[in-house]
Amino acid sequence: MLLSIAAAALLANGASSTFVPQRRVIPTEACKDHLLIDDFTSWANGKNSLDGDTSDDATFNSTNTEGGTLTFVPSSKDTAYLYEQFECVDAVALGYDSVSFNIKGPEAASVSLELQTKADCAATDYVSSYYTVDDLSGSLQTIVVPLSSWEGASVQGTVGFVWFGFSAGLSGTDNEWQLDNFQFVCAAAEPPGQPTPEPTPEPTPEPTPEPTPEPTPTPPPVSVTTVTVTVTPTSRTTRRPGPTPTPGWPDDPWGDDPWDDDDDDDDPWGWGKRGEELESVRLQAEANHADAEKRASKAACDISLIDDWASQSRLTFLFYNAMLKPTSDDGTMKSVVVSNNKVTLTPKNTDSYFYSQLGCFDARAYGGVSLRMSAPSGTTFDVTLSSAKDNVCNGDSNRDYVLSSRDLGWTFNGREQLYSIPFSKFNGLDTSKFTQIILSGLNKAVTLGPMASYCGSTVAEYVAPPVKQPQEPTATVAAPASTATSLVIDTFANSQTNSLGQYHGSEDEGLKATYRRNTLTLQTSDADLGWVTQVADTCRDMRNFDGSYLHIAYSGSNKFTVALQQHNAKCDNEAMPYPETWDSLEAARYSTSSDIYIPMNHFNVDRSRVIGFALKGFYSTASTTISKIEIVNKVPSSFKVPVKLPSGQFVFACKRPNSFAFAIDDGDPAYAQQVMKIIDDAGFKATFFTVGAPLLDPSTNLSNVYKEMASKGHQIAMHSYTHPGLEGLADEAAIDWEYTNDLKAVQQVFGSTGATTRYFRPPFGTEGARMRQRYAALVDNPYIMQWSVDIEDWLWAETNTPEKQIDAFRRDVAAGGSITVMHYLYASTVSYLPEFIKIAKATGKQIMRVDQCMMDPNAPPL
């Protein structure tokens, strides 16, 4: 065993090997020497060299510290670990730029090192960053890891390390490890030296009858390698310098002196020998060049994301991964749930499967696929990697290579861990045409983290960027008192009518409304559903309450929208649209723990023709219990009124007199040319709302389709990136992700003038305060577009009575509707389009784009 410097000094002075040396303290000035973290001389006492705690928490099968080197056998790759904790070290201020350690592990084994850091030494919480060193030599070696390798870690507040993931080596049986001399490396000091190998005893020669036995050669010393770990911003590699050949000419390029009188005349000039040497030099130079090219290719390689599970709707509505390639379970799973950049696959049975395609991905610079997973103990499944048989790469001619999770050496214990799928284990896989990953035969639910191809042989993982919630104005003002009288609207005395004798209730089956003891409890998992309480049969002028406050006494969740509904100009319940519009405010912004107070003048509608209030846009499945809805003229002095956030114009119908607009959502590209020809033949312009992700998918050809539409004068408008019910998303960051990616997609395809981003149609028509406020924060004064003519293609197009689409269109047009919703998804819908146009023209209204029917000054002239 090797003796550390401290242990050797103690033993040389006759000290006991269990003597506890004086602990080192954290320097307070810029370093001049390396800072020892642990030489393991006090392992038995649970202390490291910085007087911090260290232990394996009994996760190793055996340990000993003979000679100050820790020798141990981990119990399992999945459960064994060793931690080092210490007083906070500001590595930046003190000048430490790396850590180093002496390590011996099984040949080709790997080990991971978790770095625990705080924002700075004054902070209380720490975060973890991870790094893996692969392909150990099997001999004692010094590893130097720059602190920058833990990308994003705040090394101004370093407080600990955890060793874990001690893998098996080539043999699979050798699992003894050694660790020594773990230290912070001072940038101003000499680099760490090589560990001194323990000398190998010279064997004693056997006696022989010869008078002078030949000496037995001494074996070479134990091989010692210094490993420097280097990183690029997006991938991590381990580089091992080896002996550097010296190509070029030798000292005597001509060989033996040709004038030398040598008895050996077979090659008097020495050309044969020199030719062999020169050929060797040439071959070595070629090898060096090839190796340099290989290293350069590896350095240029970036980790390649396959899926980061950023969106439920991208995965299970559009069936795209992050590469915008097909991915699905084909309905074989019990559930596929995305949350926080993870997906949980719950199988119905072992016939369930999940796949993710990569097109025809050239993975020759990559070593495999990495992903974090967690699953219960005993989980097993198969992993299939596919490559194309030919250059078509259309998925119809794949070769599949299957290994089980056991074949890959995977075990699960319920904890999240990093796993890799090395290409080298899939014999025959053509990595130049990597097409697909399939997980099949799952016997238990599995949660996957981001999945990516990593460069070279060093396993690296894709880490999703931290979620940043958007910042909104936080200013408040004191609540002024009002002179208006109070108005009690609802105390829930019965389930049919409110305190004004008007209707209250919901026709939405997915919304559970429970009336009990003068309370109403609402619970739903669908943000598209709502409950209303009316203040009049038709219109009520409520301008006299403009200085007052809507008060809602509640308990439970406040994650919902409060809307004030405005009637149409005729106050006609039979005319479309009904309601004409409403404004939506976020209950949570106006809440205390028990009360919601909203200034009536924050509702940006015509308050001279109010229908009533709606509670809608629920974005939590937790229930809300309400005991009173009323208008009051004063609020508690402690309540501060938040600023009113812009929420755009919420539109159901055209503003221009005698106008009508065909507003058409995304459909099947195969029908696009037919739709455009029908509209061109009819002689008008339409508006098309496009979803961003399919627009970027070359296989859909939608980018060319919509460019042609725009060139013909049709309006191209926004419809989200992956088509989720936006108000139901968990937080505003998820809503912003949809908007920003959609805006980028449209900018990429059309430039700055090809699409009108002010016009946005919410997928499924799901509207609420948050989705309106966030779009208005990104796009100035937007139009949030709904419709007043529903063709109901979603209901009838694929039934035995598709002609009911015509009935639905005729019904809403007769009621005064002027903006349509339809999709060119179905042959029947497209075939009825000429009939729809004929019905619209029969009203005498002029058909035009949505922006034109809204009298938008930026719209093209009629």
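**Contacts, salt bridges and backbone features**

Apart from its neighbours within four places in sequence, Glu 461 is in contact with Tyr 130, Ile 303, Ser 370, Arg 372 and Leu 418. With one of these residues, Arg 372, the side chain of Glu 461 makes a polar contact, side chain to side chain, at 2.8 Å. Glu 461 itself sits in the loop between strand E25 (451–455) and strand E26 (476–478). These details, like those that follow, come from a predicted model.

A look at charged pairs comes next. Side chains of opposite charge can pair when their charged atoms come close. In this structure there are 26 salt bridges. One of them brings together the side chains of Arg 772 and Asp 583, at 3.3 Å from N to O. This pair links distant parts of the chain, with Arg 772 in helix H9 (residues 769–778) and Asp 583 in strand E34, 189 residues apart. Arg 772 has a relative accessible area of 1% and is therefore buried; for Asp 583 the value is 0%, so this residue is buried too.

Arg 772 also meets Glu 767 through their side chains, in a salt bridge of 3.0 Å from N to O. Glu 767 counts as buried because its relative accessible area is 1%. Through salt bridges that share partners, Asp 583, Lys 616, Lys 644, Glu 767 and Arg 772 are joined into one network.

The loop between strand E33 (561–566) and strand E34 (581–586) contains Pro 577, and the peptide bond leading from Met 576 to Pro 577 is cis, with omega near 0°. Pro 579 is also placed in the loop between E33 and E34; here the peptide bond from Tyr 578 to Pro 579 is cis, with omega near -10°.

Positive phi values turn up in residues other than glycine. For Phe 492, phi is near 60°. Phe 492 belongs to the loop between strand E27 (487–490) and strand E28 (504–505), and its relative accessibility is 2%, so Phe 492 counts as buried. For His 723, phi is near 70°. His 723 is found in the loop between strand E43 (715–718) and helix H8 (732–750). Its relative accessibility of 11% means that His 723 counts as buried, since the cut-off for buried is under 20%.

Definitions and conventions
Residues are numbered from 1 along each chain as its sequence is written. This is a predicted model: local features need pLDDT of at least 70, side-chain atom pairs count only at pLDDT 80 or more; totals for chains, interfaces and linings use all residues. Side-chain values use heavy atoms; hydrogens and water are left out. Helices (H or I, at least four residues) and strands (E, at least two) are DSSP runs, numbered from the N terminus. Buried means under 20% relative accessible area, exposed over 50%, partly exposed in between (1.4 Å probe, protein chains only). A polar contact is a pair of N or O atoms within 3.5 Å; within protein, one must be able to donate a hydrogen and the other to accept it, and residues adjacent in sequence count only if both atoms are side-chain atoms. Contact means heavy atoms within 4.5 Å. A salt bridge is a side-chain nitrogen of Lys or Arg within 4 Å of a carboxyl oxygen of Asp or Glu.
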